[in-house]
Amino acid sequence: MVCAAPRVEFLDPDGSRRPAPDGQALLGSVHENLCRFLRDPLDNSRFYGLYRRDVLRRVFPPSIYYGFDWTVTAGTLLYGKHAQLDEVLLVRETTEPRQYMRLIDDAPGRLARLLPLTRFTRAVLTELRVAPHPRVLYALFRLNALHHVLYCRYRYPRYGRLAYRLALIAKRLGA
C-alpha cells in the first residue's frame with residue numbers, strides 16, 4: 001500500500017453533504033489500477049489521503065498545472081495500491097469549476113487551452129513513464145477531449161455548447 005484514503009464528502013453551498021464520487025480502493029495490478037483511475041479521476045479526493053513519503057518525493061511535479069494532482073495519484077499507483085477507509089474523515093467544500101478553468105487560462109501556449117490536460121498527459125507518458133497501452137492512451141485521449149469541452153463551455157460558450165452536444169451524441173453512439 002502506498003496510500004490510505006478516507007471516504008470523503010462534499011459540502012455544497014446549500015449546506016447539504018454528498019459522497020465524493022471517487023471513493024473506491026485501487027487494489028488490482030498496476031495496469032488495472034491506472035486504467036481504473038484514468039477512466040474517470042473526477043474530483044481526486046484520494047489526493048488528500050495518507051501517502052508514503054518516499055513515493056511522493058518520486059512523483060510530485062515541480063510545478064502546479066491543471067491536473068497535477070492526477071499526476072501525483074497516477075504516479076503513486078506505479079509504486080503500490082490505494083486502500084479505502086470505511087469512515088468519512090474529510091468533508092470538502094465544492095470547488096467552483098471556474099477556479100479550475102483559470103489554471104487553464106494561465107497555462108502557456110495555445111495547445112494548453114485546446115487540450116487542457118496536455119501537461120498531465122505528457123507527465124504520465126514521459127515523466128512517469130507509464131507504458132502506452134491502448135487502454136491508457138484511450139483514457140488519456142478521452143480525458144483531454146472531455147476537458148476541452150468543459151473548458152470551451154466556460155471560455156467560449158457558443159462553441160462549448162456545440163462541442164458538448166456533439167460529445168453527448170458521440171457518447172450515445174459509443175454506449
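**Entry 1: the tyrosines of H7**

I began with Tyr-154, which is partly exposed at a relative accessible area of 22%, where buried means under 20% relative accessible area, exposed over 50%, and partly exposed in between (1.4 Å probe, protein chains only). I keep in mind that this is a predicted model, in which local features need pLDDT of at least 70 and side-chain atom pairs count only at pLDDT 80 or more, while totals for chains, interfaces and linings use all residues. Residues are numbered from 1 along each chain as its sequence is written, and side-chain values use heavy atoms, with hydrogens and water left out.

I then looked up Tyr-151, which is buried, with a relative accessible area of 0%. Both Tyr-151 and Tyr-154 belong to helix H7, where they are 3 residues apart, about one turn of the helix; helices (H or I, at least four residues) and strands (E, at least two) are DSSP runs, numbered from the N terminus. I noted the general rule that an α-helix has 3.6 residues a turn, so residues three or four places apart point the same way.

**Entry 2: aromatic pairs**

How many aromatic pairs does the count come to? I found 7 aromatic pairs, using the rule that rings of Phe, Tyr and Trp (its six-membered ring) pair if their centres lie within 6.5 Å, with planes under 30 degrees apart counted as stacked, over 60 as edge-to-face and the rest as tilted. One of them joins Phe-47 and Tyr-48, an edge-to-face pair at 5.6 Å centre to centre with 80° between the planes. Another joins Tyr-151 and Tyr-154, which is tilted, at 6.0 Å centre to centre and 55° between the planes.

I also saw that ring pairs link Phe-47, Tyr-48, Phe-60, Tyr-65 and Phe-68 into a cluster. Tyr-48 is partly exposed, with a relative accessible area of 47%.

**Entry 3: H4 against H7**

I returned to H7 to see how helix H4 (residues 97–105) meets it, and found that their axes come within 10 Å and cross at roughly 100°, the axes being lines fitted to C-alpha atoms, for helices over the stretch in contact, with angles running from 0 to 180 degrees between N-to-C directions. That makes H4 roughly perpendicular to H7, since angles under 35 degrees count as roughly parallel, over 145 as roughly antiparallel, 65 to 115 as roughly perpendicular and the rest as oblique.

Which residues of H4 meet H7? I listed Arg-98, Met-101, Arg-102, Ile-104 and Asp-105 on the H4 side, facing Leu-150, Tyr-151, Tyr-154 and Arg-155 in H7, where contact means heavy atoms within 4.5 Å. By class, this contact has 5 nonpolar, no polar and 4 charged residues; Ala, Val, Leu, Ile, Met, Phe, Trp, Tyr, Cys and Pro count as nonpolar, Asp, Glu, Lys and Arg as charged, and the others, Gly among them, as polar.

**Entry 4: the enclosed helix H3**

Why is helix H3 largely enclosed by the rest of the structure? I found that 10 of the 10 residues of H3 (residues 68–77) are buried, so the helix is largely enclosed. Among these buried residues are Phe-68, Trp-70 and Leu-77, and what they pack against includes helix H1 (30–39), helix H6 (118–127), helix H7 (134–155) and strand E4 (82–93).

I checked two of these neighbours in turn. In H1, the buried residues are Asn-33, Leu-34, Cys-35, Phe-37 and Leu-38, and their cover includes H3, H6 and H7. In H6, Thr-118, Phe-120, Thr-121, Ala-123 and Val-124 are buried, under a cover that includes H1, H3, helix H5 (110–114) and H7.

**Entry 5: two positive phi values**

Arg-129, in the loop between H6 and H7, has a positive phi near 60°, but Arg-129 is exposed, with a relative accessible area of 68%.
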